[in-house]
Structures are given as structure tokens and as C-alpha cells.
Amino acid sequence: MPAAKTIRVIGHRAINAVWRIGMATRFFFLILLYSGNSFRRFHLIIKELFSTGVMSLIIIVVAGLFVGMVLGLQGYETLKRYGSESALGVMVALGLVRELGPVVAALLFASRAGSAMTAEIGLMKATEQISAMEMMAVNPVARIVAPRFWAGVVSMPLLAALFSAVGVFGGYFVGVVQIGVDEGSFWSQMQAAVDFREDILNGVIKSFVFGMAVTVIALFEGYDAPPTAEGVSGATTRTVVQSSLAILMLDFVLTAMMFGGN
Amino acid sequence: MTFPKGKLIAIMGLSGCGKTTLLRHIGGALKPTSGHIKVDGQILHELDQDGLYAMRRKMGMLFQFGALFTDMSVYDNVAFQMREHTDLPEELIHDLVMMKLNAVGLRGTHDLMPSELSGGMARRVALARTVALDPMLIMYDEPFAGLDPISLTVVGDLIRRLNDALGATSVVVTHDIQESLKIVDYVYFMANGVIEAEGTPDEIRASDREFVHQFVHGEMDGPVPFHYPGGEYRQDLNLRA
């Protein structure tokens, strides 16, 4: 009965997916519950901020520069058709601050820092380091997971802001230095059109939410990974795939809520 | 099973017979479906998380491959529990860590990372970490696995000496019959989750029970068959009768 088997497989996968979402949610609340311990020993968060945030700087800066330069080129080609080249600064800045900065930085963050978190925690589990910690009466969620969560949540908006800032300079370099768009109108129109609350703050909120989503997914996948080489590699892959999808879906929801066509 | 205070007990048996599962029950990582485990007068599965963690502070466990924290130096690994569970000043922690490392002969490795240690050295550092807070119950999960003969003797000797020096109770889960019989006070043999035989090392050596005899002498065939149960051999080779 192939049809019955197919239904059974689909049903099993659906139940498994719901179960995992439930476990991940419970895991998220556990992290919040044990976060007080992390804040009391702030050096743990600082250490994780270095490996999560500082070590992601190069990829964020380089990617931001190139995305900004591409935006400058494409934007100029489009705006030229309407004789609005002077609005290039606005287009680059709004594109980066509202969308590309938070989204692309979060995708890069998921690939670099998220996958590293999953692999590290998965390997700690496989080599019994987490069991050893539990046997020493030290709660691994409080000692290992919560500091990484807060490091991810704090570093994501900062990385997204840096991505946007470097991207604006990339757009400036291509638009003003290379193509010859007027420098005064590039900066002044940008300054006039970009609103702090409407554009910048909304971008920061987006990257904060993305940071939470990516970090929870990465930590949960690592903590839940089967303690084998195959299990850890599978968990790392799932982190990147699920984080990327979560970022794009959340981006739509947040954009609809923030801008919503009004 | 009973583990009297101050004694060093070995639990032996074939792979998959439930030895490590038993250790995990003693450590409170698993809850028994029937029966109970009583440590220091308290039934483990009745304790809440705070009670269990309080109990675990009186226990130490050496994992099969040490389970050292790979992002910390040898020094920080040994100091980990002291920093987590006590308010001792760093100077005192330093002296205690050095004493623990000296006890396992590895004081000179305090600056090294776990990746720079050999398997035997990692096991000894893990032993120093296990006894960092002078536990009353020490559990060893396959402490001799993968060690060269010298490291094996060193680790075996350390297990005996540390148990006697701390006045602790030690439970060693192992396959290594010869090394274990040299150091332990009492042995339990397990098979399929039940106690198959028990006794002092001398009683075990002299035992005429088939299972114990096969295990002690490492014989290929006996109550534990060489062949895993399977179908008809001729049938697997597609031969006709």
C-alpha cells in the first residue's frame, strides 16, 4: 500500500517537526530562565561575544562593501533612466538599513557563527563534556548555552549596523568616486530621507529578532544533535538551512508589520 | 548491589550489558523504571534538581576518554569545580589545583591545552579534576580503555591510592580484568542487566562458574557464544540442502 506508506511517512515527519518546534520553544524558555547566571558572570558573555561577533567582522565588512558597491551600480543604472541619479544615496542607504543590512548580515551570521555554535556544542556533547558538566552539578544551559545566546543577540544588531555602514561607503565609492554622482546630493539627500525611527530603528529591531532566531536554532540543533560525527554534521547543516529560512520568513512578517504598504 | 564506604568496587561485563547505564543511574542522569538507588541515605530519583545537584557535588565521575573541556587549559579544567561551587580566593585555588595535579604526576602540564596531552595524560588530568572537591563517591567509566601498559598501571595505581587517601568509595566500570583484579576490593559481573557473579578478586580468580571463567581467561567460546545469533548459514550462502 504505497499510498498508506506515504501518508504514514508524511504524518511521522509532521509530528516530528511539531515535536522539535515544541522542544526548541521549551529550550528557548530554559535559556531565558537560566540567563541570570550569565549576567552575574558577564565575562562568559564577553568571551562568547569575541568568538561570535568579533570573529565575524571580516566576512561582514567584506560582504557589506561588495553589496553596497553592487547596490551603487545597479541603483545608478535604474535611477539614470528617470534622471534621478542624485537620489542614489537615499536608495543605497534605505536598501541597506531597512532590508539588506539586517537580512544579509543575518544570513552570513547564521553561516559563520551559527554553524560554529552548533558544531561546538554538538562536539561537546559527543565528547561527553556536557555530561561531565552535569555530573559536576553545573547546569550546561546556564554555563554553556545562555552566554552564547546573549552574545548572539547582542552582536547581531551591531554586525548588521556595521554591514549597512560599510555598504553605504561601498555605494559612495562606486556612485560618487567612480561614476561621478554629485557628492553633496548623495549625502544630503540620504540625510534628509532616512528617518531614525522609521528606518534605522526598524532595521535594528529586525536584526535583533534575526539574532534571537539564528542563535536559538543554532544552540538547539547543537544541544539536540546525536553524539556522532554524522549527527553533528547533520545538525550543522540544519542550522544553516533552518536559520536562513527563518530569517527570510521573519523578514516578510516584520516588514509587513513595520511598513505594511501604508 | 551495595558499595560500602572506603571500598573500591569493579563492575564488569560484556559490552552492552548495562554497566555504563548503571553508572548513569548512580549519577542521577537516568531514572530507574523499577527499584531505587540510595546514595548517602538518600534515594536519588526522589530528589529534585537542587537536591540532585547537591548530591552530585559529593560525587566525581571520570568519563571514558576524560571529557576534558577542550576550550580550557589543564589548570582551568581542574579549577573548574572550585570556581563554580566555592568562593575560594584565586591564590588558594591555585595551590589546590597544583596539589591535585601533583597527585597525578602532571603538575608540569598546567599550561597545556587538552589537545596537547596524550590519552593517558588526559585521563590523569581528568582524574585530578574528578577529585578536585574531594568527593565521597568516585565513578570511573572504562578508565583503562585505550591506554598503553605503562599508563594503564599508572592510572590503576592512582585510582587505588586516591580512593584510600580520600577515604572515598569508588566504582570502576571496566573490561580490563587483569588490571582491575589487582586494585579492587570486590567485583560484580553483569550480564543482560543482572548480576551474574560477585566476589573478591581471589574468589573471582578461583571461580568455576562458566561465565566468569570465560571472561577471566578471555576464551572465545562458552556461555557467551562467538557467533551472533543469525539465520541458517547455508541459507545465507544461498546453498541448497
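In the predicted model, chain B folds into 10 helices and eight strands. Its C-alpha trace spans about 80 × 40 × 40 Å along the principal axes. Chain B has 241 residues, and 33% of them are buried. Among contacts in chain B between residues at least 6 apart in sequence, 63% join residues at least 24 apart.

Six strands of chain B form an open sheet with mixed pairing. Their order is β4-β5-β6-β1-β7-β8. At the edges lie β4 and β8 (194–199) of chain B, each pairing on one side only. Neighbouring strands of the sheet are turned by 20° against each other on average, with direction ignored. Strands of a sheet pair through backbone hydrogen bonds, either parallel or antiparallel. The pair β5(B) and β6(B) runs parallel and is joined by five bridges. Strand β6(B) covers residues 169–174. Here B:Ile138 stands opposite B:Ser170.

Helix α5 of chain B takes in residues 119–130. From first C-alpha to last, this 12-residue helix reaches 16 Å, close to the 16 Å expected at 1.5 Å a residue. Of its 12 residues, 10 are buried, so α5(B) is largely enclosed by the rest of the structure. Among the buried residues are B:Arg123, B:Arg124 and B:Arg129, as well as B:Val125 and B:Leu127. Their cover includes two strands of chain B, β4 (59–62) and β5 (137–141). It also includes the helices α3 (74–85), α4 (90–103) and α6 (149–166) of chain B.

The largest nonpolar core holds 117 residues. Those touching the most other members are A:Ala105, A:Ala106, A:Phe109, A:Val214, A:Leu219, B:Ile11 and B:Val125. Helix α5 (residues 88–126) of chain A gives this core its largest share, 19 residues. Beyond its neighbours within four places in sequence, A:Val214 is in contact with residues that include A:Ala106, A:Phe109 and A:Ile247.

The contact between the chains takes 15 residues from chain B and 10 residues from chain A. On the side of chain B, α2 (49–56), β4 and α3 each give two or more residues. The largest share, four residues, comes from α3(B). By type, the residues on this side of chain B divide into nine nonpolar, three polar and three charged.

Terms used: Residues are numbered from 1 along each chain as its sequence is written. Chains are lettered from A and ligands numbered from 1 in the order in which they are written. This is a predicted model: local features need pLDDT of at least 70, side-chain atom pairs count only at pLDDT 80 or more; totals for chains, interfaces and linings use all residues. A residue is buried if 20 or more other C-beta atoms lie within 10 Å of its own, exposed if 12 or fewer, and partly exposed in between; C-beta atoms are placed from the backbone. Two residues are in contact if their C-beta atoms, placed from the backbone, lie within 7 Å. A nonpolar core is a set of buried Ala, Val, Leu, Ile, Met, Phe, Trp, Tyr and Cys residues joined through C-beta atoms within 7 Å. The expected span of a helix is 1.5 Å times one less than its number of residues. Ala, Val, Leu, Ile, Met, Phe, Trp, Tyr, Cys and Pro count as nonpolar, Asp, Glu, Lys and Arg as charged, and the others, Gly among them, as polar. Two strands pair if DSSP finds at least two bridges between them. Axes are lines fitted to C-alpha atoms, for helices over the stretch in contact, and angles run from 0 to 180 degrees between N-to-C directions.
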